[in-house]
Amino acid sequence: ALSRRSSLVSRPRVHTQPMSLTVAARHGASALPVFSTCARANVRGFTAKYAKHCSKSVKSTSRGLTVKTRAEMEYDYDIFTIGGGSGGVRASRMSSAAGAKVGLVELPYNAVSSATQGGLGGTCVIRGCVPKKLLVYGSGFETEFRDAKGFGWDHGTSMPSFSWEKLISAKTDEIERLNGIYGRILDNNGVEKFEGSGKVTGAHSVEVTSVDGTKKTYTAKTILLAPGGRAWYPKIPGADFGITSDEALALKSQPKRVLVIGGGYIAVEFAGIFQGFGSETTIAYRADLPLRGFDLEVRETVATNLASRGTTVMPNTNPKEIKKNDDGSLTVSFDGDVDDITVDEVMWATGRVPNTDRPDLGLKEVGVELDKKGAVVVDDFSQTTVPSIYAVGDVTNRMNLTPVALMEGMAFKDTVVLGKPTKPDYENIASAVFCQPPVATVGMTEQQAVDAGLTCDIFTSTFTPMKIALANRVEKAFMKLIVDVDTDKVVGVHMVGPDSAEIMQGIGIAIKCGATKAQFDATVGIHPSSAEEFVTMRDPTRRVGKNSPNAE
């Protein structure tokens with residue numbers, strides 16, 4: 001198939017059947033093939049044989065079937081994608097491999113995003129998951145060097161020296177390598193890529209502004225929006241003196257004192273990173289515990305671990321103002337009776353917003369509905385209020401995780417290119433927080449199970465991981481199963497501890513398959529391991545829900 005891509009991409013424009021859902025397909029009937037006979041014939045090299053079919057094409061729309069002439073259906077591309085992050089690249093390259101002619105526009109590369117800078121790979125590759133995980137690994141060595149003494153390693157009275165500059169340089173080399181790989185992936189799959197910004201100017205047109213400022217408009221049967229999201233912070237006085245995760249991953253020198261503001265996963269991850277590298281680290285958040293939306297016992301464990309590793313934790317705290325001092329340091333004041341603190345860097349980790357206005361995508365003008373946060377409103381098939389425009393990834397603010405954007409991109413390809421209407425499946429998606437030690441989870445929290453009206457047995461285990469048994473420090477791993485009493489299904493699994501993400505990926509498969517507690521119990525554990533605890537918990541800690549002893 002790849003050997004045919006060059007001829008497909010460079011072919012004289014052969015019109016294809018429009019790629020939107022049919023009424024019949026939406027209601028479960030067989031979908032019409034998405035590409036017309038002439039388009040398929042051209043890919044196979046038999047255009048002449050089917051030339052008689054190329055004057056007309058069947059159009060599938062949400063209002064039924066119509067017939068359009070070739071002149072009425074002429075477009076530069078079958079699909080044009082705005083955004084070259086995880087979702088946009090996956091959808092584009094898979095759609096191209098399936099036979100569509102695809103164009104994609106992305107801003108030029110920079111480690112720090114802006115209205116004019118971005119890069120292939122998007123947030124995850126350039127300024128998110130990948131570089132963050134590299135820094136998590138790097139910062140974790142500090143604790144392991146100390147733990148090693150308990151296992152007989154003697155490195156004297158001093159720790160190995162650390163160079164922030166060397167780490168950031170190596171990190172930058174790696175993400176630039178990955179940025180190049182993403183470009184080659186698009187090339188190898190026949191996607192025509194453009195460097196610049198894209199703006200929707202009509203239901204089937206995108207204006208591309210190149211790096212040199214020149215503008216050109218391209219038409220497409222379907223437009224895919226995948227510009228991702230960006231960090232957000234409150235506009236208090238002096239807020240701009242702070243940095244976001246973008247800049248934190250590209251700092252030229254290591255700050256001695258850092259305040260991380262926020263209680264979400266980005267906040268606790270970066271608090272662990274800075275603390276692990278030896279910065280004097282404080283984390284401040286408005287709630288009484290970090291990680292809102294996670295299981296309560298997980299949140300409690302993470303708060304305990306942050307403090308036990310040396311991070312100063314300031315719950316129920318809201319910043320009021322940031323002032324810059326003559327020496328370049330920053331003094332932060334807070335609401336209420338809270339003392340000011342002075343640090344070298346303030347990092348905002350207070351949430352993210354969809355990238356629909358940086359740069360302006362022109363969506364309101366063409367009728368694409370946005371919600372109050374600026375996210376693109378889509379239906380179950382990622383279709384916007386303009387039938388020819390779809391959106392995937394963080395710009396829709398559904399579930400902002402890289403693997404979810406990949407799933408949405410694949411569903412887009414199936415729906416739009418293959419004519420197989422496919423809804424992304426958001427049930428039982430495993431996820432992880434790379435604080436130290438990390439969190440991993442899949443399924444319901446205990447509170448969600450209760451709110452859903454279930455009666456559940458809760459199984460918990462708290463123990464010292466063998467990895468630190470001789471390290472002369474106290475840090476507990478925590479594991480939890482939530483079991484629906486009526487069905488015996490395991491509806492939630494949660495863990496805080498070493499290797500939790502690696503363990504939870506396998507558990508996630510079991511939960512997706514509907515595993516029961518009896519099947520967990522029948523599974524022979526791997527010994528000695530932390531993971532075996534999930535298949536050896538026999539006695540419930542408590543019962544909760546509508547038929548529990550404490551139910552009202």
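# Pocket lining and helix contacts

Me: Which element gives the most to the lining of the second largest pocket, and with how many residues?
Reply: H6 gives the most to the lining of that pocket, with nine residues. Please keep in mind that this is a predicted model.

Me: What volume does the second largest pocket have?
Reply: The volume of the second largest pocket is about 600 Å³. The pocket is lined by 25 residues, of which Glu144, Pro438, Lys467, Pro498 and Asp499 are the closest to its centre. Two elements give two or more residues to this lining, namely helix H6, which covers 129–148, and helix H14, which covers 500–512.

Me: And how do the lining residues divide into nonpolar, polar and charged?
Reply: In the lining of the second largest pocket, twelve residues are nonpolar and nine are charged, while four are polar.

Me: Back to H6, then: at what angle do the axes of H6 and H9 cross?
Reply: The axes of H6 and helix H9 (residues 265–276) cross at roughly 45° and come within 8 Å, and that angle makes H6 oblique to H9. As for handedness, the crossing of H6 and H9 is left-handed.

Me: Which residues make that contact?
Reply: From H6 the contact takes Lys132, Leu135, Val136, Ser139 and Glu142, and from H9 it takes Glu269, Phe270, Gly272, Ile273 and Gly276. By class, the contact of H6 with H9 has four nonpolar, three polar and three charged residues.

Me: Switching to H4: how are H4 and H12 placed, parallel or oblique?
Reply: The axes of helix H4 (residues 86–97) and helix H12 (residues 402–417) cross at roughly 30° and come within 8 Å. Because angles under 35 degrees count as roughly parallel, H4 is roughly parallel to H12. The crossing of H4 and H12 is right-handed.

Me: Which side chains are we talking about there? I'd like the residues from each helix.
Reply: On the H4 side the contact is made by Ser86, Gly87, Arg90, Ala91, Met94 and Ser95, and on the H12 side by Thr402, Ala405, Leu406, Gly409, Met410, Phe412, Lys413 and Val417. The residues of the contact of H4 with H12 divide into seven nonpolar, five polar and two charged.

Me: What about H4 and H7, left-handed or right-handed?
Reply: H4 passes H7 in a left-handed crossing. The axes of H4 and helix H7 (residues 164–188) come within 9 Å, with a crossing angle of roughly 20°, and H4 and H7 are therefore roughly parallel to each other.

Me: Which residues of H4 and H7 meet?
Reply: Ser86, Val89 and Arg93 of H4 meet Tyr182, Ile185 and Leu186 of H7. In this contact of H4 with H7, four residues are nonpolar, one is polar and one is charged.

Me: New topic, the backbone. Where is the cis peptide bond of Pro359?
Reply: The cis peptide bond joins Arg358 and Pro359, with omega at about -5°, and Pro359 has its place in the loop between strand E16 (352–354) and helix H11 (363–366). The peptide bond from Gln436 to Pro437 is also cis, with omega near -5°. Pro437 lies in the loop between strand E18 (431–433) and strand E19 (439–443).

Me: And what phi does Ser382 have, positive or negative?
Reply: Ser382 has a positive phi of about 70°, although Ser382 is not a glycine. You can find Ser382 in the loop between H11 and strand E17 (389–391).

Methods:
Residues numbered from 1 in each chain as written. Predicted model: local features only at pLDDT ≥ 70, side-chain atom pairs only at ≥ 80, totals over all residues. Heavy atoms only, no water. 1 Å grid on protein atoms, 1.4 Å probe; cavity = no way out; pocket = protein on both sides within 12 Å on 5 of 7 lines; lining within 4 Å. Points joined across faces, edges and corners; volume = space filled by probe spheres on them. Helix = DSSP H or I, 4+ residues; strand = E, 2+ residues; numbered from the N terminus. Nonpolar A, V, L, I, M, F, W, Y, C, P; charged D, E, K, R; others polar. Axes fitted to C-alpha atoms, helices over the stretch in contact; angles between N-to-C directions. Parallel < 35°, antiparallel > 145°, perpendicular 65-115°, else oblique. Left-handed = near helix turned anticlockwise from the far one by under 90°. Contact = heavy atoms within 4.5 Å.
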